[in-house]
Amino acid sequence: MGNLGNTFEEFGMSLFDSDKIDLLESYTDMTIGEIYNLSEKVRDIPVCRTFVAVVNTVSTIRDCFLIQKFLRFKKRFHDGKIDESEIKKRRIAAENKEKWIRYEIELILLRIDNISDKRNIEIMCGAYVEFLNGNCSWEKFEEIALILERFIYSDTEQLKEIYDRHIRTQQAKQDTVICTMFENNHCDRLVALGLVWQKYTAVLNGGITVEYCLTEVGNILAGVL
């Protein structure tokens, strides 16, 4: 995380402070140049003091990019529907600087720093919201966060198509294993990332058909697109 250190960790803890989100939403789409010049404009706004502190520690373009990405994560977080008890628990833990919440924020910041596509940051935040709502284990969230470092956003269309067919089939036939066939479409990158798996079936003419099925993490990731 460059030279941001503990200052950015404190800024990360502000994720659970809803009092600051409305003002900072205005800065979500700032350019790197605007971030460099921002601290003077918001220095006297109390809820922005942590933001000013982190901006003042910026020393590289990567640091600025990290701020950009975290603000996007934070906006998606506050746009989501989250179990309020989970937010309250984390807000109190952040105020007390408890070790477990520092670890959680540290992992989020490290993964954000490693993800180059800002659109993947929003997907990661969606998976974190699923974790807070009890729909995803912490281990699965960590796995998804790692996958998103290598996930190519243009593959979302294909993944969503598999997911949509999954849902339609699930609604039509309960308790059925769901698979989707893609003719002349190999889904190689999705398979390599562990988001889908291949089911091979022999056919009467001696050939083999390939069906593409969502893995558990693939299902979670596709569900938050």
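Modeller: Let us start with Lys97, which has a relative accessibility of 52%. Keep in mind that this is a predicted model.

Biologist: Why is Lys97 called exposed?

Modeller: Exposed means over 50% relative accessible area. Lys97 has 52%, so Lys97 counts as exposed.

Biologist: Where does Lys97 sit?

Modeller: In the loop between helix H7 (84–95) and helix H8 (99–114).

Biologist: What makes the phi of Lys97 worth a remark?

Modeller: Phi of Lys97 is near 55 degrees, a positive value, and the residue is not glycine. Most residues other than glycine have a negative phi.

Biologist: Now Asn120. Why is Asn120 called buried?

Modeller: Buried means under 20% relative accessible area. Asn120 has 1%, so Asn120 is buried.

Biologist: Which element holds Asn120, and which residues does Asn120 contact beyond its neighbours within four places in sequence?

Modeller: Asn120 is in helix H9, residues 118–132. With those neighbours left aside, Asn120 is in contact with Ile115, Leu148, Phe151 and Tyr153. Contact here requires heavy atoms within 4.5 Å.

Biologist: How much of the chain is buried?

Modeller: Buried residues make up 44% of the 225 residues. The chain has 13 helices and three strands.

Biologist: What share of contacts joins residues at least 24 apart in sequence?

Modeller: 70%, among contacts between residues at least 6 apart.

Biologist: And what is the accessible surface of the chain?

Modeller: About 12,000 Å², with 47% belonging to carbon and sulfur atoms.

Note on methods: Residues numbered from 1 in each chain as written. Predicted model: local features only at pLDDT ≥ 70, side-chain atom pairs only at ≥ 80, totals over all residues. Heavy atoms only, no water. Helix = DSSP H or I, 4+ residues; strand = E, 2+ residues; numbered from the N terminus. Buried < 20%, exposed > 50% of the residue type's maximum accessible area, 1.4 Å probe, protein only. Areas by Shrake-Rupley, 256 points an atom, 1.4 Å probe, with all protein chains shown as cover.
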